[in-house]
Amino acid sequence: MLMTGAQYIESLRKLKTRVYMFGEKVDNWIDHPIIRPSINSVKMTYDLALDPECADLMTAKSNITGEIINRFNHLHQSTDDLRKKVKMQRLLGQKTASCFQRCVGMDAFNAEYSTTYEIDKKYGTEYHKRFEKYLKYVQDNDLTVDGAMTDPKGDRAKSPSQQEDPDLFVRIVEKREDGIVVRGAKAHQTGSINSHEHLVMPTISLTESDKAYAVSFAVPSDVDGLFMIYGRQSCDTRKMEEGADIDLGNKQYGGQEALVVFDDVFVPWERVFMCEEWDFAGMLVERFAGYHRQSYGGCKVGVGDVIIGAAALAADYNGANKASHIKDKLIEMTHLNETLYCCGIACSAEGYPTEAGNYQIDMLLANVCKQNVTRFPYEIVRLAEDIAGGLMVTMPSEKDFKSNLKVGRNGETIGDVCNKYFKGSPVTSTENRMRILRFIENVALGTAAVGYRTESLHGAGSPQAQRIMIARQGNIEGKKELAKKIAGIK
Ligand code: SF4
Ligand code: FE
């Protein structure tokens with residue numbers, strides 16, 4: 001059954017999730033001004049699913065139950081489903097101008113579903129059946145699940161078992177009759193605090209000596225022994241300022257990342273989906289990463305749409321919109337943004353069914369998609385900053401604009417002075433000009449930068465991770481043969 005956005009918020013209130021921020025425990029994290037915007041973003045994934053105009057993109061028919069479910073909990077059944085996923089993400093990026101977080105769960109479900117099938121085929125285990133049962137529970141209750149992959153990793157020159165501190169990758173510390181006990185942490189976990197559940201996967205390909213690290217499982221976010229330390233974002237404390245609005249740039253929406261700690265957490269067998277099958281860790285990682293690299297061809301494009309619109313408005317408000325170089329910059333931004341979208345759609349259109357039956361994206365094209373995402377948003381933001389002008393980072397605060405303190409010879413207030421000197425084109429108010437510049441600042445340098453600028457680089461894997469996959473999938477030997485044939489080389 002689909003939940004409404006309001007029901008989603010209420011469902012979070014029932015959880016006892018342990019959250020820490022700025023060195024203190026946060027009891028009411030749902031209404032906390034720093035955290036709430038990120039919850040609003042996830043709420044949008046519920047609200048839009050109930051909007052008849054968005055239902056085609058936002059919902060799907062479950063292949064497990066035949067019920068209509070939120071697409072974020074769906075197993076892709078066709079290339080059409082894969083394309084709709086990307087379109088849904090673009091739509092949500094447009095609506096929130098931030099990271100709406102629920103995709104990591106969707107990408108984990110699809111990777112788990114096909115990988116558990118193949119583990120069972122080799123080892124006669126029952127992970128696939130268990131996972132399907134778990135996913136049915138998630139679909140029936142319309143839950144948000146955090147797909148958790150990235151370990152802290154410690155010394156990058158060493159494998160998990162070689163680390164001085166063995167906890168730097170999540171591992172099994174005890175196998176019991178009724179389940180396993182796990183210890184470790186997952187770093188920079190998107191949407192972890194406002195997820196009902198965590199679905200944990202290994203983060204790299206493993207060897208036999210690392211088999212204790214070959215573990216995948218699901219736990220409720222408030223399970224005993226689990227806690228989270230909230231990641232801070234640039235300019236985050238602006239949200240704590242009384243009456244803050246304009247200076248936030250994006251008051252309503254945001255993303256969130258946290259360190260998620262598993263301090264000896266017990267997991268019953270029915271929620272364990274990989275236990276020491278080290279030879280399948282790489283498959284799970286590659287499939288999840290592939291899906292998430294496809295995802296970036298949707299979400300970042302939607303946010304890009306808002307940034308392009310903001311840059312165009314800034315040009316209007318500065319009175320510079322007729323200049324040919326401004327028009328050309330907007331064309332360039334659009335070209336870059338749509339190129340990312342082309343990649344997201346292309347890797348979806350070239351998808352194929354896995355042995356388990358759900359659809360996987362084309363790996364090479366998905367990695368090319370994400371590699372472009374590590375670059376183009378930087379250029380898009382650079383052009384937006386160029387069009388916005390330096391005022392974006394030198395402007396007085398909204399409190400100054402609203403101040404009644406008399407400072408001028410003729411009794412002008414600070415607000416009067418700011419409004420006089422920062423007025424732009426007569427097409428709009430000084431306040432609107434401020435609003436659009438603060439929005440661009442937010443995306444480029446503020447709290448949203450984590451979800452657009454820097455996340456474009458590191459989210460879904462840093463650039464080098466894609467280059468390794470591109471090298472593997474690029475078929476240079478096959479291309480050499482093509483050249484030999486044309487050049488007449490025997
Ligand atoms: Fe979804 Fe994009 Fe956020 Fe990843 S970065 S969770 S794909 S919105
Ligand atoms: Fe991300």
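Modeller: Histidine 198 stands opposite valine 219, a residue of β9. The two strands concerned, β8 (residues 197-200) and β9 (residues 215-220), pair in the antiparallel sense over 4 bridges. Strands pair here if DSSP finds at least two bridges between them. Strands (E, at least two residues) and helices (H or I, at least four) are DSSP runs, numbered from the N terminus.

The model is predicted, with pLDDT of at least 70 required for local features and 80 or more for side-chain atom pairs, while totals for chains, interfaces and linings use all residues. Side-chain values use heavy atoms without hydrogens and water, residues are numbered from 1 along each chain as its sequence is written, and chains are lettered from A and ligands numbered from 1 in the order in which they are written.

The pair belongs to an open sheet of 4 strands, in the order β5-β8-β9-β12, with mixed pairing. Its edge strands, β5 (145-148) and β12 (272-275), each pair on one side only. From one strand to the next, the twist averages 20°. Axes are lines fitted to C-alpha atoms, for helices over the stretch in contact, and angles between N-to-C directions run from 0 to 180 degrees.

Two helices are in contact with this sheet. Helix α5 (residues 103-123) lies across β5, β8, β9 and β12 and runs at about 65° to β5. Helix α6 (residues 127-141) packs on the sheet and touches β5, β8, β9 and β12, and its direction makes about 145° with that of β12. Contact is counted for heavy atoms within 4.5 Å.

Glutamine 101 is found in the loop between α4 and α5, and its phi is near 65°, a positive value in a residue other than glycine. Glutamine 101 counts as buried because its relative accessibility is 4%; buried means under 20% relative accessible area, exposed over 50%, and partly exposed in between, with a 1.4 Å probe and protein chains only. Glutamate 276 lies in the loop between β12 and α7. Glutamate 276 is not a glycine, yet has a positive phi of about 80°, and at 24% relative accessibility it counts as partly exposed.

Helix α7 (residues 281-318) contains histidine 292. The relative accessibility of histidine 292 is 9%, so it counts as buried. Apart from residues up to four places away in sequence, histidine 292 touches Cys103, Val104, Asp107 and Ala460.

The axes of α4 (residues 79-96) and helix α8 (residues 324-349) come within 7 Å and cross at roughly 155°. That makes α4 roughly antiparallel to α8, where angles over 145 degrees count as roughly antiparallel, under 35 as roughly parallel, 65 to 115 as roughly perpendicular and the rest as oblique. The crossing of α4 and α8 is right-handed: a crossing has this hand if the near helix is turned clockwise from the far one by less than a right angle, and is left-handed if anticlockwise. Thr79, Leu82, Arg83, Val86, Lys87 and Arg90 in α4 meet Asn337, Glu338, Tyr341, Gly344, Ile345, Ser348 and Ala349 in α8. The residues of this contact divide into 5 nonpolar, 4 polar and 4 charged. For that division, Ala, Val, Leu, Ile, Met, Phe, Trp, Tyr, Cys and Pro count as nonpolar, Asp, Glu, Lys and Arg as charged, and the others, Gly among them, as polar.

A further open sheet, of 6 strands, has the order β2-β1-β10-β11-β7-β6 with mixed pairing. The edge strands β2 (24-25) and β6 (171-175) each pair on one side only. Strands β6 and β7 form a hairpin with 3 residues between them.
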